Amino acid sequence: MADKVSWTKALEMNSVNDYSFAVSQFLWSVQMPSLPATKEDIELYYKTIIVAVQKADKETLPHKQFVKHIKPYWTKVVDLSHKTMLNKRSLWILNGKVHDRSDQFFADYKHAKRTFRNEMDKAYNEHIMNIANRMEESIDNDQRYFDSKLTNSANINLVKHEVNKIRLTQKEIKAPINPFEFEEISNICKSLCNNKSTGLDNVSYEHIKYGGKTLQKHLCNLFNLIIQTRYTPLDWKTSVIIPLFKGGNKNKTDPNSYRGISLTSCIAKIFEKSLYPRFDSLHIKFPHQSQMAYQKELSSIHASFNLQEPIRHYIERNSDVIVVLLDSTKAFDTVWHDALLYKLHKYGVTGDLWLLIDEIYSDMRSSVLFNGRLSR
């Protein structure tokens with residue numbers, strides 16, 4: 001499944017029905033592991049589901065043909081310089097294909113080739129810079145309030161000690177997670193967005209969305225096994241990071257000039273979507289009403305409004321206004337997991353749900369994909 005599926009063509013050709021049937025055939029005789037399931041049982045069951053999806057994909061779905069020059073940065077200028085290069089090359093071949101810089105046809109071809117490469121590099125850099133600039137504009141600059149007291153070593157050790165105590169006490173609490181119903185998983189699968197990036201397994205939302213009831217039933221079984229055993233497949237803990245250049249005059253050789261976009265398993269994200277409604281106590285107390293970032297129907301515009309209104313209020317009354325802005329560098333890259341687990345417990349997340357979150361965030365790994373090469 002290295003090539004990307006052409007889902008538009010698959011829908012037009014009705015290949016999605018063939019795909020759904022093939023997935024069902026491959027999973028028809030697959031049995032859910034008996035309880036109590038082991039880690040090995042879950043890993044094998046998950047791999048079986050993935051292999052069935054990949055085999056059905058390969059046998060039934062059309063893939064996008066890679067065309068060398070259909071690239072988003074292939075501008076008219078690049079296209080013209082490419083045609084000029086090909087024309088000069090044809091003239092050089094027709095006139096004996098002489099490999100001598102004193103030959104006018106050879107010199108013209110080499111010059112046209114250099115021009116083409118320069119134009120393509122220029123167009124590519126501009127394309128990447130435009131993407132980076134659009135991302136910069138769309139990113140919400142509002143950062144959560146950060147308690148500086150959490151940064152001292154005494155507090156770090158205290159929180160770590162408290163989290164270890166919570167781990168021990170939660171194992172003794174009989175608070176199982178409510179099992180998933182098939183209809184619940186099916187509705188989530190139907191509402192999945194198209195054209196989203198995949199993890200290392202190359203299984204997209206469309207693979208699940210059009211995979212049929214048999215696939216979704218097995219996912220429901222898998223998710224229930226996970227909440228019963230509090231164990232997630234190892235593949236869910238591995239992400240691939242795509243570095244995107246931030247643009248501007250930043251140094252391209254400096255890793256800090258790139259923003260890492262982390263791609264994880266789509267099935268893992270479906271599981272998280274399914275798990276989210278079970279955070280009953282968290283929904284009541286979190287987030288704070290003044291938080292705008294990552295909230296539905298709210299954005300940086302609302303945060304800007306909340307900031308400007310009190311400023312105007314006090315200026316109109318000839319009062320001083322003190323504004324303190326905090327930008328947490330690489331906030332998501334440096335999330336303190338122990339503090340996160342500690343706060344979740346304080347917000348009322350307990351029992352198997354807390355232990356499952358603890359397991360999800362343990363032993364996580366990442367690989368970096370850059371210029372077509374994957375790190376280890």
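Student: How many salt bridges does a search of the whole structure find?

Tutor: In this predicted model, the search finds 9 salt bridges.

Student: What makes the contact between D79 and K83 a salt bridge?

Tutor: The N to O distance between their side chains is 3.3 Å, and the definition asks for a Lys or Arg side-chain nitrogen within 4 Å of a carboxyl oxygen of Asp or Glu, so the pair qualifies. D79 and K83 are 4 residues apart in helix α4 (residues 76–94), which means that about one helical turn separates them.

Student: Why is K83 called exposed, and what is D79 called?

Tutor: Exposed means over 50% relative accessible area, and K83 has 51%, so K83 is exposed. D79 has 25%, which lies between the 20% and 50% limits, and therefore counts as partly exposed.

Student: Which residue does E316 form a salt bridge with, and how do you know that the pair meets the criterion?

Tutor: The partner is R317, and because the closest N and O atoms are 3.8 Å apart, the pair falls within the 4 Å limit. E316, at 61% relative accessible area, is exposed, whereas R317, at 48%, counts as partly exposed.

Student: Where do E309 and R312 lie, and what joins their side chains?

Tutor: Both lie in helix α12, 3 residues apart, about one turn of the helix, and their side chains meet in a salt bridge with an N to O distance of 3.3 Å.

Student: Turning to the interior, how do you know that the buried residues of helix α7 (residues 182–190) share a side?

Tutor: The buried residues are I185, S186, I188 and C189. They cover an arc of only 160° around the axis, which puts them on the same side of α7. The face turned away from that buried side carries the exposed residues E183 and K190.

Student: What do the buried residues of α7 pack against?

Tutor: They pack against α8 (205–209), α9 (213–229) and α10 (266–275).

Student: Which residues have the most contacts inside the largest nonpolar core?

Tutor: In that core of 59 residues, they are I208, L222, F223, W236, F271 and L275. A second, separate core of 11 residues includes Y73, W74, W92 and Y109.

Methods: Residues are numbered from 1 along each chain as its sequence is written. This is a predicted model: local features need pLDDT of at least 70, side-chain atom pairs count only at pLDDT 80 or more; totals for chains, interfaces and linings use all residues. Side-chain values use heavy atoms; hydrogens and water are left out. Buried means under 20% relative accessible area, exposed over 50%, partly exposed in between (1.4 Å probe, protein chains only). Helices (H or I, at least four residues) and strands (E, at least two) are DSSP runs, numbered from the N terminus. The arc is that of the directions from the helix axis to the C-beta atoms. Contact means heavy atoms within 4.5 Å. A nonpolar core is a set of buried Ala, Val, Leu, Ile, Met, Phe, Trp, Tyr and Cys residues joined through side-chain atoms within 4.5 Å.
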